[in-house]
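Visitor: Hi! Could you walk me through this structure?

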Amino acid sequence: MPRLAFAVLLAALAGAARAATDVPEGAFANTANDRGTTRLEGRLLLDHDAVRPGEILQAGVLLTMSPHWHVYWRNSGQSGAPPRLRWQIEGAEVGPVAWPFPQVFREADAFITTYGYTDEVLLASPVTFRSGASGEVTVRVDADVLVCRVQCIPGELHLSRPVRIVPGGESLASADHARFEEWSLRVPQPVGARELELEAMLSQSAIRPGDDFKAALAVHACSGGGEGARAACVAVEPATANAEDAFVPDPPSGIELLVTGARRPPTPGLLLTLKGHVSPSAPHTDSRLRGALALVSGGHTQYVEVDLPLPRAAAGAAVTPIANPWLDPPPSAASFAPVLPLWQALLLALLGGLVLNLMPCVLPVLAIKVFGLAELAQHGRAQILRHGIAYTAGVLASMAALAATVAALRAAGASIGWGFQFQEPLFVAAIAAVLVVFALSLFGVFEFRLDVGRVATAGSGAEGLRRSFFEGLLAVVLATPCTAPFLGTAVGFAFASSTATIAGIFLAIGVGLALPFLLICAVPSWARLVPRSGPWMEQLRIALGFALLATVVWLAWILGRSAGSDAQAALLAYLCALAAGVWVFGVLQRGERVGAIRAAGMALIALALLGLRALPLEGAPAAAGETAGKDELAGERFSASGVDAALARGAPVFVYFTAEWCLTCKVNEHAVLGDQRVRAALAQSGFEVFKGDWTRRDGEIRDELARFGKAGVPLYLVYGPKATAQPIVLPELLTVDLFLKALHQAAPNTEEKT
Amino acid sequence: MKRTALFVAIAAASLLGAVKPVEVGQTVPDFHAPDQDGVDHKLSQYRGHAVVLEWTNSGCPFVERHYSAGDMQKLAAAMGAKDVVWLAVNSTYDNTPADTKEWMKSQNFSYPTLQDPDGKIGHLMGARTTPHMFVIDAKGILRYRGAIDDDQYGRSSAPKNYVDSAVHALFASTTPDPAETQSYGCSVKYGTN
């Protein structure tokens, strides 16, 4: 990762250095005077210093805007004006401007959509000198460029510089040659050369003056196929942060065309939905649907020029309406999770793993580890480091196992997500058993060994290392129900990716989880921060044991919720019996008979496993009325159709996804959703609340989580009059202020402060 | 207090944002707004007259260009002579009647400027730029929407004025051609949060 950061820094420095290109006098100018500050710089650049007649010289104007100011694309959109370049070059033909792919700007709550560039753009045109040209020729350009931030300032540039025409001589690339190449990569190219299939769909057979219409642009990347054979299709992703910005329309004059959404077509690909309006006085000759696309396909970004037929008809002519549900924007929200590059996902996973250490589920384990360190303090550094490595190995091994399980279950078609194992009552019971045993060991009831004699100090020797490994496993197991911030996105990304990516992401989480402890072990100055061992440690040990028992209470509660109170009672009885068995084992351990200890240990493990299998866990869950806790935010059961219906009624909507085993969810629900101010704000604005309970498996909830790039709970969505198409997605750790702010943002009649 | 006002404006704008603007050929729903002197103008009170709506913002260089050259004032005066009602509309969120009065004085014109700081009329009409021109016929039907002329860079020696030609078409009982053009200029500075 540091290497990556370094590379980014280098690239940034290189960019800064490039921006300061020197150009000859006359080829640079400032314009767009904003009360003394010029907002636009123009530089006339050439890709050759010398060129032969007939060869192509790229001539371009590099526009550099003040931060936050922008210039427009060839279609400026609903406001603004495109830059206009007028070239004057003696004895040469000048081709059209190659417009790089633009950004989309939305003003006044998307009432005004425009297209353009911030920071810097190179607008280049090919120049060809006719035969007969020779010697030094002046390349001259006059440009009208409107530059806007909130206000707009028309700028005017008059630039010129010489170029040598060398008939029969050698052409000579200029210092800016690479810059032209770089920008040309961002210029959309016709689709012919690429293995992409573009298709335009319309809501009617032809569009007439005065018509309002819907359309869609479908992008597929498939080859082969046909009768009986399945086409080989690769995924096509939008290359823009906002999926619907991947297509920028450039409609013929008299037609307004706007992107309404992006969705996934039934075959791998991308579908951009559009709405259009034809001016009553627009001509009705056939025209083309043009625009620029930015896609990621097969791992690389490509910019594609769209040029498809757009059939027209005269006003009043008979046209056939075409019913096609794919022309509508995605139902209730963007069906696109933001596309995340792999390295970002890995980085997020690592960060998420780090933060997991602070989550209530993992903190006790980490505390036990640090406490173990204090015991180890008298040992050499090498021994301490070995423990760190063993713990890390435990974490990574369980992460790898988890990744393998996820991949296998996914291949089997199961609908699973992060924390899925807590949807399995048997798993919950097993973890509760492990925790009880672990707590008893902390209480000193027994020790983790099957051989004779007291180990001089806990932690030394192979047994100690094994224990560190085991604690690593435990940390992972306990960590999963706590989705840390950052983790949701990374894991969501993993669940939607290949098996290799799943493994990579999970291991990155593991590294993040293990890192703090590993560092404490590895860095001598950090290890010194660990307190000295003393009698207080015995007390701490027991206190931590109780913390683990508290976790068992939580697990028992989860099981009660998902499998009913009978199952819960059975689990508690089992745990009680297990504890008694462990106690007996502990008593034997204090004796010196090796055979008895071994036999008792084996018997105990076998009985524990058999008992676990025998637990009646498939009992009926508590009735609905029973499951709703008192301070729980009441909500209708989540269904996508229910949310859509509420939005159609014009009601603001709050959807929350939770699970009984998700501690982060419960913390949020208690501290934020249970807050009086939150309740009042929701009620006052007439929010309809939907609750998606993922305690048990649910395909619809899993799909909805996946739509937002999540593989687990919690997820909080706020839809309102100002956020119908795309809900506000709240972070995984809520605060009251943040929540009220989001409500206010979505439904502005909500008072932000109460 | 100011916060509350902004709040209401945002709420109104958000609700209106969902309303589809009037299309050419449709009857313009009635609206009313005070001008810079507080005199209320109702669209329906001008039934029987053609009405030109001009979206304006004195801080926009495109508007300034048309005013400092005197084009807008001259066109409005010529229209006035034909009994056409000319109403400027300012939907800039922070514009005040005093600002408008000062601008009118400096640019030497007297037709009313409707005060629309909450963008209500702007959203109703689909005004997106300044200038953005609308020609409504004597029956209240929108007949032209778009740019003032075909000279977005201000470099043409003989620009074609679309508003002038649209009004001429109305007097000749023909359909304006073009009836819709892509307007150019600054975006209307609607209030947002």
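Predicted model: local features only at pLDDT ≥ 70, side-chain atom pairs only at ≥ 80, totals over all residues.

Visitor: Okay, how many residues of chain A are in contact with chain B?
Guide: On chain A there are 27, and they meet 29 residues of chain B.

Visitor: Which elements of chain A give two or more residues to that side?
Guide: Those are β11 (135–148) and β12 (152–165) of chain A. The most comes from β12(A), with three residues.

Visitor: And what classes of residue are on the side of chain A that touches chain B?
Guide: Twelve are nonpolar, ten are polar and five are charged.

Visitor: Switching to helices: at what angle do α6 and α11 of chain A pack?
Guide: Helix α6 (residues 425–443) and helix α11 (residues 536–563) of chain A pack at about 165°, and their axes are 9 Å apart. An angle over 145 degrees counts as roughly antiparallel, so that is how α6(A) and α11(A) run relative to each other.

Visitor: Is their crossing left-handed or right-handed?
Guide: The crossing of α6(A) and α11(A) is left-handed. Their contact has 21 nonpolar, three polar and one charged residues.

Visitor: What about α12 and α13 of chain A, how do their axes cross?
Guide: Helix α12 (residues 565–590) and helix α13 (residues 594–614) of chain A cross at roughly 175°, with axes that come within 9 Å. Therefore α12(A) and α13(A) are roughly antiparallel too.

Visitor: Which residues make that contact?
Guide: Among them are A:Y574, A:L578 and A:F585 of α12(A), along with A:I597, A:L604 and A:L607 of α13(A). By class, the contact of α12(A) with α13(A) has 13 nonpolar, four polar and no charged residues.

Methods. Residues numbered from 1 in each chain as written. Chains lettered and ligands numbered in written order. Contact = placed C-beta atoms within 7 Å. Helix = DSSP H or I, 4+ residues; strand = E, 2+ residues; numbered from the N terminus. Nonpolar A, V, L, I, M, F, W, Y, C, P; charged D, E, K, R; others polar. Axes fitted to C-alpha atoms, helices over the stretch in contact; angles between N-to-C directions. Parallel < 35°, antiparallel > 145°, perpendicular 65-115°, else oblique. Left-handed = near helix turned anticlockwise from the far one by under 90°.
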